[in-house]
Amino acid sequence: MSAPIEFSATVSGTIRDGVLIVTLDSPPVNATSAEVRRGLKAMLEFAESSAETTAIVLTGAGKTFIGGADIKEFGKPAEEPTLPAVIEAIEAFGKPVVAALNGAALGGGLEVALACHIRIASAVAQVGLPEVKLGIVPGAGGTQRLPRLTGIAVALELIASGRIVKASEARALGIVDDVVEGDLTEAAIAVAKAMVGKPRRRTGELSVAALDPAETERASAKILAKARGQKAPGEAVRLVLSAARPLAEGLADERATFLALRDSREAAALRHVFFAEREAGKVAGLEGVEPRAVATIGICGLGLMGSGIAVAALSAGYRVIGLDQTADAAEKGRERIIGLMEKNLASGRLDQASFDAQKARLSVTANDADLSPCDLVIEAVFDDLAVKTDLFRRLDKVLRPDAILATNTSYLNPDEIAAVTQHPERVLGLHFFSPAHVMRLLEVVRCAKTAPDVLATGLAVAKKLRKLAIVTGVTEGFIGNSIFSAYRREAEFLLEDGAMPEEIDRALEDYGFPMGLFAVYDMAGLEIAWARRKRQAATRDPSDRYVEIADRLCKAGRFGQKAGRGWYVYPEGKRVVDPDVTAIIETARAKKGITPRSFSQAEILERLLAAMAAEGQRLLAEGIAARASDIDLVMINGYGFPAHKGGPMFAAG
Ligand code: T1G
């Protein structure tokens with residue numbers, strides 16, 4: 001084994017039996033930064049002139065092969081050598097180059113591997129071209145080389161969805177040539193030595209069959225329907241479908257498309273979201289604070305929310321003790337939880353062994369004392385202060401003093417709930433979004449007295465539950481419902497001023513929301529907000545503008561889709577504009593002496609986005625939200641705000 005050869009600060013190699021073993025070591029994910037690209041170029045120049053070197057093995061240090069191009073370099077002046085240039089040099093290289101995928105090979109990382117003459121992977125390796133999730137397309141050969149290995153249909157699905165596949169599937173699809181259980185480097189060296197002197201299979205030289213028109217039409221339509229206004233998926237489809245043309249032509253088209261998309265607002269928005277998700281977990285004041293150990297989670301209230309939380313906790317590996325008011329209610333809760341798990345089993349999301357293991361970790365009871373082993377108890381009982389405070393008083397008596405108490409309340413003040421316990425420092429809020437076993441978003445509420453390690457524990461549990469945790473301070477509705485209330489209020493002002501529900505919904509859906517606000521309202525039911533408005537009536541400031549239209553709908557029994565009518569009417573379940581609602585709106589306007597005017601989509605959007613941003617600024621000013629990007633993540637992951645628009649704060653920027 002030769003002494004290490006430094007090609008750059010992040011790329012080094014050693015020669016053993018004529019094979020140059022090259023390791024990329026550029027934490028945290030071996031992204032192909034300018035430094036890495038320079039190192040790879042220098043390595044190739046060395047290997048070409050080294051008579052001792054007969055072949056190359058390329059691998060990564062740590063748990064990633066190459067995590068992609070360095071996203072942090074986007075928007076900066078390009079530095080030579082470009083990634084395509086390095087990749088083309090690898091593919092054209094005169095000696096065998098073996099990619100040893102020790103971990104994730106994503107984006108530019110997979111594009112490097114595709115240019116190598118053979119790819120072998122460890123069992124933990126994953127591969128993918130997730131560029132569309134960043135609003136771009138692969139920009140270093142992915143749309144042209146992947147189809148040459150997998151065929152156009154498979155490449156189309158992988159590139160347009162950005163789906164990441166495990167090593168075994170990558171092998172089956174022909175992306176990697178072998179999956180190695182043992183020592184990956186040893187296996188790669190053996191493969192490299194066996195390739196010396198033999199003809200090389202250069203991916204770019206392989207031919208690819210065009211897709212038949214019917215399959216093209218079907219695949220493209222499905223992808224474009226899901227794109228919901230995003231540009232990148234459509235461009236990815238176009239590039240992959242035309243991969244049968246000469247490689248150089250395809251690469252030039254791909255590069256030009258990538259560069260144009262990379263500088264687009266949509267790509268900037270998605271990069272903002274990518275980095276925001278990683279920033280959200282960095283909470284001021286928690287540096288070095290150790291979370292408490294949590295193995296057993298108690299869940300009080302096994303209704304819709306509680307059962308969803310239980311499923312999330314079971315699938316994350318926790319033991320779960322469910323509590324409800326009676327043995328019968330507890331058993332019904334257990335059946336609800338098992339029912340959700342059976343759906344996962346039937347869909348293949350859960351295998352039988354995992355199902356059995358999770359079921360064995362679940363127990364239910366109507367006896368508070370059975371919660372005594374719990375390290376954390378989450379309450380998801382009826383959202384009423386008396387009910388919750390009574391429960392917390394009871395739990396205070398049966399839990400260890402260091403056990404953590406979490407409330408899932410949406411609108412009550414968690415500080416008032418904490419105040420009834422002897423140890424308010426052990427109380428925080430864990431505000432799940434329904435269905436709790438599906439929705440990624442989790443608002444972690446830092447109460448006035450929440451101890452730092454209790455907050456750190458909430459974040460650690462959220463991570464294990466695979467939730468996107470956003471820390472919020474205490475205000476009515478926390479971050480998400482505060483912003484939602486603000487833009488619902490503005491939408492109702494627009495109704496009074498002259499816009500119609502269907503116009504507002506269409507503006508939101510054309511902007512990228514999966515459903516407009518009033519359609520969502522009808523789906524969730526109008527009665528919940530009505531009950532809250534009635535509770536607030538006594539303390540409402542009479543000088544505040546108040547819109548009565550929603551109250552009039554509720555008084556008319558129009559509670560939404562479940563009632564067959566709400567903001568819309570639902571003949572055979574289809575959402576239809578209802579002239580009766582138009583009449584109710586017109587009456588409300590006349591009562592206030594408002595002369596309605598028409599609004600363009602742009603005006604409607606401008607007012608709604610401005611209302612969201614203004615409320616976001618309030619949340620920042622009051623310290624409820626730690627950063628604007630946290631607010632964007634809440635609205636994208638909890639309320640359907642289109643990620644490719646970046647969130648209300650990014651959009652206002
Ligand atoms: N560039 C720059 N920084 C990156 C990065 C990247 N590609 N990927 C991750 N980071 C940072 C991240 O911000 C965080 O920083 C730290 O690394 C750990 O990330 C030409 C143009 C690889 C599966 O889309 O999916 O290639 O917060 O917490 O959970 O066609 O990172 O520590 O300061 O996510 O172990 C395509 C993106 C790029 C993959 C590792 N590649 N990354 O997950 O760590 S575009 C991607 C990931 C491209 C080519 C095009 C994941 C990971 P900090 P992490 P992880």
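## The second largest pocket

The second largest pocket of this predicted model holds about 630 Å³ of space, where a pocket is, on a 1 Å grid over the protein atoms alone, an open set of points where a 1.4 Å probe fits, with protein on both sides within 12 Å along at least five of seven lines. Grid points are joined across faces, edges and corners, and the volume is the space filled by probe spheres set on the points. Of the 24 residues that line this pocket, Ser-485, Arg-488, Arg-489, Gln-536 and Arg-540 are the closest to its centre, and a lining residue is one with an atom within 4 Å of a point.

Helix 18, helix 21 (527-537) and helix 24 (601-621) are the elements that give two or more residues to the lining, and helix 18 provides the largest share, seven residues. Helices (H or I, at least four residues) and strands (E, at least two) are DSSP runs, numbered from the N terminus. By residue type, the lining divides into five nonpolar, seven polar and twelve charged residues; Ala, Val, Leu, Ile, Met, Phe, Trp, Tyr, Cys and Pro count as nonpolar, Asp, Glu, Lys and Arg as charged, and the others, Gly among them, as polar.

## Backbone details in the loops

The bond from Pro-27 to Pro-28 is cis, with omega near 5°, and Pro-28 sits in the loop between strand 3 (19-24) and helix 1 (34-49). Ser-434 and Pro-435 are also joined by a cis peptide bond, with omega about -5°, and Pro-435 belongs to the loop between strand 17 (427-432) and strand 18 (441-445).

Asp-17, although not a glycine, has a positive phi of about 50°, and its place is in the loop between strand 2 (11-16) and strand 3. Phe-478, again not a glycine, has a positive phi of about 50° and lies in the loop between strand 19 (468-472) and helix 18 (480-497). Phe-478 is buried, with a relative accessible area of 1%, where buried means under 20% (1.4 Å probe, protein chains only).

## An annotated span

An unreviewed UniProt entry carries the annotation "domain: 3-hydroxyacyl-CoA dehydrogenase NAD binding" for residues 296-472; UniProt positions are given in the numbering used here, feature names are shortened, and annotations may be inferred rather than shown by experiment. In the model, the end C-alpha atoms of residues 296-472 lie 25 Å apart, and the span is 42% helix and 21% strand.

## Basis of the values

Residues are numbered from 1 along each chain as its sequence is written, and side-chain values use heavy atoms, with hydrogens and water left out. Because this is a predicted model, local features need pLDDT of at least 70 and side-chain atom pairs count only at pLDDT 80 or more, while totals for chains, interfaces and linings use all residues.

Key: Buried < 20%, exposed > 50% of the residue type's maximum accessible area, 1.4 Å probe, protein only.
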